[in-house]
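The entries follow in the order I made them.

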Amino acid sequence: MRCISNGYDDMQHFLLSSKARTISLKAVFSMGEDKAYQTFCDMRWAETDGEAVCPRCGCTESYSIATRRKFKCVGCHHQYSVTSGTIFASRKMSFTDLLAAIVIFVNGAKGVAALQLSRDLDCQYKTAFVLTHKLREAMAREQMDRQLNGVVEIDGAYFGGHVKPENRKEDRKDRRLKMNQTGKRQCVVIMRERNGKSLPFIVRNEGDAVPYVRDHVGTVATIMADEGTGWDALHAGWDTRRVNHSVAFLDNGACTNQAESYFSRLRRMEVGTHHHIAGPYIGQYAREASWREDNRRVDNGTQAAMVTAAAMEAPVSRQWKGYWQRG
């Protein structure tokens, strides 16, 4: 039974409660550069309580070069920093700004635009653009080799390939026909456990995701899918239950509501924040939305710690390092 006091409902939603807010930009900027630097050390070398470990030979003894925030290994004499060999390698931003960028990034329920981040941190748009994509790449490492079991909902949605209609009605073409499409449309397929983790894939057509299902869904799982013909092949390998959305959204326990919830977030990211997520990087936006859905009931301080730790564990990004210097 709910208790009402002072006109407010005590059964408050988690995201509206103080428990969801455990870190703020005010706390980040008030901690100073030294504490922010120590935070990255603690995340990078958690096993040694923040004590430096040589990334080349693994030696735990080193000289500290305090003026440059670097270390020199006693064993192999290799010089390194806390971000050497990580996704933040060769960074130029201060540790305070890096930590603030992570907090701003995780606080965005529908993502954060690089233009907004560049204004918040007073940095170049190019810097913010690459930084946010590096964070997405680090977040996506959590989904590597993920296996789904139990009740798994599967659905697909199409993004990109928009064809602008002609001005006059008599000049307009049927954009549903393949001959009148750009060929750039891509399908995001989400596989999501009931009350569990999710895993997105990018394919050309919805049915092309069946091989991914074989690799990432356990054979004893129960699959929920809609009436799309691309999912007919699932009946051969799994207990598959279908729901005809033209008749009902829930039919005898079969539904894809949690998969639709994921697409709701991804659509809001596209329409309300980024405006364009299609193209070669749609996979990174899809995996970011998956991470946000999986951790939507985690407080923002823990989310920031998770992203920071993932960035410290991620190797140098071959996709984003020197991105703007490649011409």
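This is a predicted model: local features need pLDDT of at least 70, side-chain atom pairs count only at pLDDT 80 or more; totals for chains, interfaces and linings use all residues.

**Entry 1: the hairpin of β4 and β5.** Strands β4 and β5 make a hairpin, with five residues between them. His77 sits in the loop that joins β4 to β5, and its phi is positive, near 65°, although the residue is not a glycine. I then looked at how the two strands pair: they run antiparallel and are joined by two bridges. Lys72 has Gln79 of β5 opposite it.

Entry 2: I followed β4 to its other partner. Residues 70–73 make up β4, which pairs with β3 through four bridges, again in the antiparallel sense. Tyr63 has Lys72 of β4 as its bridge partner, and Ser64 has Phe71. The hairpin of β3 and β4 has four residues between the strands, and there Arg69 takes a positive phi near 50°.

**Entry 3: the sheet as a unit.** What is the order of the three strands in the open sheet? I read it as β3-β4-β5, with antiparallel pairing. β3 (62–65) and β5 (79–80) are the edge strands; each has a single partner, so one side of each has no neighbour in the sheet. In a regular strand, side chains alternate between the two faces of the sheet. I checked β4 for this and found Phe71 and Cys73 on a covered face, with Lys70 and Lys72 on an uncovered one.

**Entry 4: cysteines.** Cys73 is buried, with a relative accessibility of 0%. I also looked up Cys123, which is partly exposed at 21% relative accessible area.

**Entry 5: helix α4.** I turned to α4, which covers residues 125–140. Its 16 residues reach 23 Å from first C-alpha to last, close to the 22 Å expected. Is this helix mostly buried or exposed? Twelve of the 16 residues are buried, so α4 is largely enclosed by the rest of the structure. Among the buried ones I noted Phe129, His133, Lys134 and Arg136. I then asked which helices are included in the cover over the buried residues of α4. The cover includes α2 (95–107), α3 (114–121), α6 (257–274), α7 (282–294) and α8 (300–313).

**Entry 6: helix α8.** The buried residues include Asn300, Gln303, Val307 and Met312. They pack against α1 (25–44), α2, α4 and α7.

**Entry 7: aromatic rings.** My search of the whole structure for aromatic pairs gave 16. One cluster is formed by Tyr125, Phe129, Tyr281, Trp320, Tyr323 and Trp324. Phe129 of this cluster is also among the buried residues of α4. I then looked for charges over rings. Arg91 lies over the face of Phe95, 4.0 Å from the ring centre. Arg185 has its charged end over the ring of Tyr158, at 4.1 Å from the centre.

**Entry 8: another positive phi.** Asn252 has a phi near 55°, a positive value in a residue that is not glycine. I located Asn252 in the loop between β10 (239–243) and α6. Is Asn252 buried or exposed? It counts as exposed, at 75% relative accessibility.

**Entry 9: the whole chain.** I left the overall figures for the end. The chain has eight helices and ten strands. Its C-alpha trace spans about 70 × 60 × 45 Å along the principal axes. Of its 327 residues, 44% count as buried. For contacts between residues at least 6 apart in sequence, I noted that 62% join residues at least 24 apart.

Terms used:
Residues are numbered from 1 along each chain as its sequence is written. Side-chain values use heavy atoms; hydrogens and water are left out. Rings of Phe, Tyr and Trp (its six-membered ring) pair if their centres lie within 6.5 Å; planes under 30 degrees apart count as stacked, over 60 as edge-to-face and the rest as tilted. A charge sits over a ring if NZ of Lys or CZ of Arg is within 6 Å of the ring centre and within 35 degrees of the ring normal. Two strands pair if DSSP finds at least two bridges between them. The expected span of a helix is 1.5 Å times one less than its number of residues. Buried means under 20% relative accessible area, exposed over 50%, partly exposed in between (1.4 Å probe, protein chains only). Contact means heavy atoms within 4.5 Å.
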